[in-house]
Amino acid sequence: MRMVKLPKLFAAPEYLLVKEGDSDETRKKKKKKIKALKAKHTILLGEPVRNNRKNNWLKFNDGKKKKKKSQRYRREKRSIFASPDSVEGKVGVTNSGHTMTNYIPQDKHHGLRKDPNSDIF
């Protein structure tokens, strides 16, 4: 694409300038064409700025490398329909064959109060 330096201000061509002898229809057509040319001119003026910002973003985005999860954090994906480890295990139940985790019942924590005289924790 050939780069053409555009003037900052838009200047309409002489044949599109409204003259005294023009009818209303001709005036409307000329104004419409001038408006279209002005819009195209504005878009062409902003194009180098847009391209520059786009290229800067692409350079920045290409520089980033995606981190891979380390082997330690990867979980082995196993189908829930895989055959269970033990004879008593059920198909479709995750962690089949393993016992439930035993939790120790928690006691009340009376030692958390900072001020023994206050009612608020």
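By how much of a helical turn are Trp57 and Phe60 separated in helix H1? Being 3 residues apart in helix H1, the two are separated by about one helical turn. The model is predicted, so local features need pLDDT of at least 70 and side-chain atom pairs count only at pLDDT 80 or more, while totals for chains, interfaces and linings use all residues. Residues are numbered from 1 along each chain as its sequence is written, and side-chain values use heavy atoms, with hydrogens and water left out.

The chain has 1 helix and 0 strands (DSSP runs numbered from the N terminus, with H or I of at least four residues for helices and E of at least two for strands). Helix H1 covers residues 24-63, and Trp57 is found there.

The structure holds 1 aromatic pair (rings of Phe, Tyr and Trp, the last by its six-membered ring, with centres within 6.5 Å; planes under 30 degrees apart are stacked, over 60 edge-to-face, the rest tilted). The rings of Trp57 and Phe60 have centres 5.6 Å apart and planes at 40°, so this pair is tilted. Trp57 is partly exposed at 49% relative accessible area, and Phe60 is likewise partly exposed at 44% (buried is under 20%, exposed over 50%, partly exposed in between, using a 1.4 Å probe and protein chains only).

Turning to the chain as a whole, buried residues make up 7% of its 121 residues. Among contacts (heavy atoms within 4.5 Å) with a separation of 6 or more, 32% come from residues 24 or more positions apart.
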